[in-house]
Amino acid sequence: LSEEGRSDYSFVDPRNVPVSEVTGVGVLVDDASANVAVVEVPTNGGTYTLTLSRLYGGSPWAVERIMPPEEAS
């Protein structure tokens with residue numbers, strides 16, 4: 001998680017997340033920016049949409065936002 005993501009999700013109790021495993025390969029659905037990307041990840045709780053960011057082209061990607069299936073629609 002990015003610094004913002006860690007702050008945003010710091011109070012999320014993992015026991016309330018209905019996912020226990022990733023069931024397939026993530027799919028890049030938006031890479032219009034060199035520093036922001038959107039990836040859909042299939043899980044046993046539905047497909048989650050993750051927004052990833054990085055500071056510059058060579059830096060590692062970090063998750064900014066995680067949207068569960070019902071919010072991503």
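Strands are DSSP runs of E with at least two residues, numbered from the N terminus, and two strands pair if DSSP finds at least two bridges between them. The model shown is predicted: local features need pLDDT of at least 70, side-chain atom pairs count only at pLDDT 80 or more, and totals for chains, interfaces and linings use all residues. Residues are numbered from 1 along each chain as its sequence is written, and side-chain values use heavy atoms, with hydrogens and water left out.

**View 1. Here β1 meets β2.** In β2, V38 is the bridge partner of D30, and E40 is that of V27. Three bridges in total join β1 to β2 (residues 36-43), and the two run antiparallel. A hairpin of five residues links β1 to β2.

**View 2. Now for the whole sheet.** Four strands form an open sheet in the order β1-β2-β3-β4, with antiparallel pairing. Because β1 (27-30) and β4 (62-67) stand at the edges with a single partner strand each, one side of each has no neighbour in the sheet. From one strand to the next, the twist averages 35° (the axes are lines fitted to C-alpha atoms, and angles run from 0 to 180 degrees between N-to-C directions).

**View 3. A close look at V63.** Leaving aside neighbours within four places in sequence, V63 is in contact (heavy atoms within 4.5 Å) with L1, S2, G5, L50, T51 and L52.
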